[in-house]
Every structure is written in C-alpha cells, then in structure tokens.
Amino acid sequence: MEKATQVVTPERPYNEDDTDGSGMDQQEKRLEVLDLPVLSVRNTVLIPNMVAPLLVARESSIKAVEEAMNKDHTMFVVTQLREEEENPGPDDLYSIGVEGFIDRVLKLPDGTVSVLVRGQKRMRSLAFTQQEPYMRAQAEFVVEVLVASPALEASRRAVLALFEKCVKLNASLTEETYITAMNIDQPGMLADFIVSALDISIPIRQNVLETFHIEQRLQAVSILLSKELDILELENHIHSQVQQEVDKSQREYFLREQLKAIQRELGEGDPALRENLELREKILLSGMPDEVKARANKELDRLSMIPAIAPDGGVIRTYLDWLVNLPWNTASLDRLDIKEAAAILDQNHYGLGKVKERILEYIAVRKLSNSMRSPILCFVGPPGVGKTSLGRSIAQALNRKFVRLSLGGVHDEAEIRGHRRTYVGALPGRIIQTMKTAGTTNPLFILDEIDKLGSDFRGDPSAALLEVLDPEQNTTFADHYLEVPYDLSQVIFLTTANVLHPIPAALRDRLEIIELPGYTEDEKVHIARQFLIPKLMGEHGLRPAKVELSDEAVLRIIREYTYEAGVRTLEREIASVMRKVARKVVEGRRTKIKVTADKIPDFLGPQQNYYGTAEENDEAGVATGVAWTSGGGDLITVEAALMDGHGHLTLTGQLGDVMKESAQAAFSYARARAKQFGLEDRFYEKYDIHLHLPAGAIPKDGPSAGITMATAIISALTQRPTYSSVAMTGEITLRGRVLPVGGIKEKVLAAHRAGIKTFILPKRNKKDLEDIPPEIQRELHFVLVERMDDVMRVALHASAASPHLEEHDAKVIEPVGRRKKA
C-alpha cells in the first residue's frame, strides 16, 4: 500500500459517551468480534474519524477492497511494521488498527486503485482467518477509557493552546485547521485530529493510536506539540536572521548606488579616481628610489587610462600595492651596546662561544663604522643544537626584526625570484614577500635548511640564492615580479644546515661557515637546568615548590633515554616527567615531588639506550670506529670474519663506493704486510674475508673508517683481540699511512657518550682537538698516529710471538690529555 495525500477531516464523533465515566474500571472494554478483510498500509497510520485517500497497488490488497465493496464497505486497516516489506504476513503488522469504511473506489489506468477510507473505531486483531488470496482477520473493538476530571479539561486546553502556536508558525497548517480543532468537544477526538494534522513519524502516530486512555493520549500529544513548537521557533529564528542579512545587503546596495548617483551629480568623481589619488600619495611617501618611483608613476598613469573593468586593471593595482607596501627606507635602530648584547645571548643560549664572539665582533665594528657590509653566516650542525633559535636571539641582541624562510623542499626558482606578471596570479618571490612581512630594510633574515634545497625542470633555487647572498650583488636584487632593483645589503642573512656537502660550491663560497657541534653531557645538564626545566615547568603549570629534578636525574635521562647531539629528545623526556608530576599534583599530592636518578624509570619506563662501550668484550675481528652523520657523531662497529675460500673479499652493510675502496685498500695493506704479521705465505688463496658494518639498513660512505676496517681485518687474520674501549678514525693508504679526516669534534663527543676511553686519530687532526671541551680532554686518552703500525700497537692485544708490540712508542704515538690504560 502507498499513501497518496492525507486529508484530515473529522467525521462522526467517538463513542466516548458509551464509557461509564466512573474512572473505576481502567481496563480496555471489548465489544463484538468481526471477521473483516485486512488492508495493510505501509507509510501512514489511519486515525479514527479521519478521511485519507490511499493508493492500493498489491493484488491481494485490491481483492480485499473488492470483497469489502461487495459487502458492507468495512475493512480492518492496519499499518506494516516494516515499510520495505512487499508481501506482509500476520507477523509483519501492528496488532492495533482501525475499522475503515470505504467511501469511494477509483480504478486507475496503471492497474492500481485509489481508495477513499474513513477511519471509525480502534480495533485489535485477534486472529487471522485467511491469507490467500487476501488476508482476513477477526478483530475486536477497543473502547477508550475516559475519566472526566479537571485535569482532563486542563490537558485539552493546553493542547489546544500549543496547537494554536504551531499553526501560527507552520506555513503548512492553515487557520481553518485550528478553527476545526477549536470546535471539537471530545478530548480524544481532538488528540486524534491534531496527530493527523502534524507531520510526524509512523511509530509516533502508531503509539498515539495504541493509547486508549484519553488523558494519557492528550499528554502524549502535548509533548509532541511542545517539541514541534521548539523546532518551529528555531526555524523561524534562523529564517529571520537570514532575511535580515538579505535585507541589509539589499539596503546597502541601494544606498551605494544612490551615493554614486549623488556624487556624479555633484561632480565629485568616481571611486576609481579617488583610489588613483591615494596610490599616487602613497608612492610619494613610500621613500622609493627615483628609478622605482618613476616606474610606479608610469604604471599608475597607465591604470588611470584604462577602463575600470579591464582585466589589466587588477594586475596593475596589485603590482602597485606591492611596491608601496614594501619597506624602502624604514630601518630599525641597531643595539650597539656590546655588554647588553652579550648578556642577551648568554641569557638565551649556553655555550656556543664562537658564534657569540662573531656577533659581538660585528657589533663592535658596526659601532665604529657604518659602511660595513652585513655578514652572511651559515650555522652547520646536527638537529636540535639551537641553530634557528640562535638566530632569534641574535635578532633580539641587535634589536632587529626576525624573519624566517624555510627552504626545505623548495624546487622552483620562482619561489625565490617570483613569477613575471604575464602569468595569471603571479606574485613576488618569497624573499620579497618576507621583506614585506618584516616591514624594515634591515631585518635578521634566516634561511632555514639551506642544505635541503632541490632542483628540477623549473630551475635551480640555489642558483637564484647566489645573488641574494652575495654582498656585491644584493644591493640591486631583481625580482621577476617587481622588475625593479631592491636593496638587500642591510639585511643580515643567516643560513642553517645539517651538513655542507649538498650545498653547491658557488653558494658555499659566499657563506661564512660556523659549525655548531653537538653538546657534551655537562653542557646538556646546564641547558636543562638553565633553560629547559624552567620553561617546561611554566608550560605544565608547575612551580619549583611542587617539583625538583636533580642534576643526577637529568644526567641519567641524557645517558639512558636519549642518544642525540642536540637537546630535542631531552626536552621531550623532561616534558614527559613534568606531565606525570602534574598528574600527581592534580590527584592531590601536596608534598614536593623530588625526581631523583633512581626514580627516572618510574617516570619514563625501561632504559632505552645503554651507556658504555660499543663492545663489552675484547674480541678478534671486531673494531670500533666513529662516523659523522647529519645527526652528529655515532659509533660504528666493523666485523671481519675468516672463512675457507679463495681470497675473495665480501663487503656488506650498504657501503658506498668510497668506503668500498677503503676496504680494498685495507685488505691490500694486510696482504702486503703478511710476513710482518706472522701470516703464512699466500694465505689469501686459502681464505675468504667477509667485512660487515652492522645497521645494514643505513647507507654508509666515506674514507674515515679505513684504519678501523684494516684493524678488524688484521685482528681476524692474526686472531689478536682488539680493545673494546678503543675507538678510531682515519683514512688509510696502501703504504699504511693514516690521513686526516673531518668531523673530529662530533666523533669525539660520540665516543665520549658511548664510554670510550682511548681515541685514535690522525696526527694531522691535532689542531681539531682545540675545539674539544676541557672536561672531555681530561676523560679521554687521545693517541695521534701517522702509520697503521701505530694504530695496531694501541688497538690490538700483543701476540705471544711479538710481546714488544704491547709497548707504546713515544716517538710516533703522541697521547694528548690524561692517559688511561686501554
């Protein structure tokens, strides 16, 4: 069954007068039982005393209608439980329905039948006596319970009042509908009529149909009306707001049009003319150089000559906006007090003496001479050592605006120089955009991650930076969009990078390189005590009276829960401790929480890193080296294994070409010195050597592991164990010479972090030891070597045949700092 249109028209009244009115008997009263054809409907509920046109499409339902028309026009009309059921059975129907009287039947061309049905009384199905070709059911009448009382009359009036409000707010309910409801005397009939008039769901209609107690039915209808009224009031409020906005917009539009007409009548000119006058005044006051000012005025004259709706108008107007809003002669006043600047740098950063010294030198010269060009510095160091934040501190010390431009992932030259105005949506490059943001001609401009620049078919942005970072050229920097020179000579450019080798040589030549190596343990403890802990306490709402983190606890976090050159992981771990302390405070802990070293696992869980040597035992065929990575220094273990074979050298561990060549050189050196090492003749024809560097998923390259690989190979061939407390770095030649390498400070710091006691390095790297903090020089034993023989004397145990190799030769081995026996 399908519902067409429901017409809510009251017909004959309820038999409410048939009830006893006593209120004593609240049970449903049963009358005679009728055997009637069943008409199942799926998207409506027929209400007593209401008329509804129904569209009958099912063959069984059409036969039921025909049977009813042949007799007394009466059917049992009941709603389906599920609307999607195409062939409902007795179990698919509600038990409560309505006795329906068929007033009219119309057959339609498509074979369906339109039936006008009038609901009469509520009925309950008792049993289904027939299912084919149509359903018949025995049903009994159910008489509603009516208890006359003041409460009933109050409910009727309340329902009528709520319905009146709904009619006023609901456009689909007419005034006639309310008049009809107002003239219904019977409370039950009033409730049924209102339910029929409202647009509510099938289950709610069925629930009202199954409510036989009239006062309860009125209360249910009252609740429905209250909800409906809330929704209608909200809809009306939203509609009113929307209408007000529309009316306001229309009013403003009409007023603007009238204003334009009045201005034209008074001869005051149009807004476009006023805008041109404002732009001309801005050009005059902007402080542009004469060359730029002439170009701007020329573009403005061109703008005034073209129609306002011309496409070029918007392009020229945007171009002029960029010109007048750029800083041309607005500069901040430098702070030239060296002591104050030094205090600011020390307040924000611990250590970093070279950087601070360079900035203070610039301030000193700047105080004596105004003609000095601004320096172009490049801070190189592993992540987390404070390169970017150092730039912010320098800007604060110099009293300059700080702006930052991240170059990571930039592939397009137009990102630096901008697009020409011939392109749709063209804009200046990011250099000019950042200068506009700064608002001064002398900001401190930091170019972050300059080593992450890329290049593709759109050009090489690093080539575009050559002009920006060259003091000889950046006085007339040419942006493709502006097409006029812009002076960048007063800008202090700082660049940051993790490593130098990706930076092109021409660009690197323009930079003053300042290396920021990783921090020592002592420096990290000071940084945590001076900066990180107070900062994190404030962020977590804690005070020193609530929590105390001892230096020993910080040191344990550094050694067992971090392994980095900077302090980012340390900051995260301390923040984790602060969060757990904050939770205890919120939970009611009143005493001061003292975080000591032995309590750290309670806050951070099991130990993550193990402080100590790379290898616990002295073994043959294993040597410890040090590597220099973008994250700082790191220990690397070289393993050599001897196998029966034919002299093949196998290299594994994702080694680069340079490292493979170093391994070949180390193997050739071992073969050439076979007799000196006490090896049998032509040993290489009987054995294969497998050289492996663990952490195979990480690519490795460079020559600095040469002496480490040679030591591992010789140790495996001679079966002389290596000292696990010794680490080394250096390039090896075929003659056994040890050549200098880079990254000494980072490698020494990594060895110190790992608990190494003796560090072997090339003699020509002695100058690099000046950068090593004194406390590390006191704790490490440095051995400077020139040849591979010197390395073996320190790194390998003495063999039984050559006990003299245990002794150190003072002429070729130069210890630096406090010596410790390996």
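Analyst: Two strands pair if DSSP finds at least two bridges between them; helices (H or I, at least four residues) and strands (E, at least two) are DSSP runs, numbered from the N terminus. The model is predicted: local features need pLDDT of at least 70, side-chain atom pairs count only at pLDDT 80 or more, and totals for chains, interfaces and linings use all residues. Residues are numbered from 1 along each chain as its sequence is written, and side-chain values use heavy atoms, with hydrogens and water left out.

User: Which residue in β14 stands opposite Cys-378?

Analyst: Strand β8 covers residues 376-380 and runs parallel to β14, with four bridges joining the two. The residue in β14 that stands opposite Cys-378 is Ile-513.

User: Which strands are the edge strands of the sheet?

Analyst: Five strands, paired in parallel, form an open sheet in the order β9-β10-β13-β8-β14. Two of them pair on one side only, and these edge strands are β9 (402-406) and β14 (512-515).

User: Is Asp-92 buried or exposed?

Analyst: Asp-92 is placed in the loop between β4 (74-79) and β5 (96-107). Buried means under 20% relative accessible area, exposed over 50%, and partly exposed in between (1.4 Å probe, protein chains only). Because its relative accessible area is 15%, Asp-92 is buried.

User: Which residues of helix α5 are buried?

Analyst: Helix α5 spans residues 202-209. Its buried residues are Arg-205, Gln-206, Val-208 and Leu-209.
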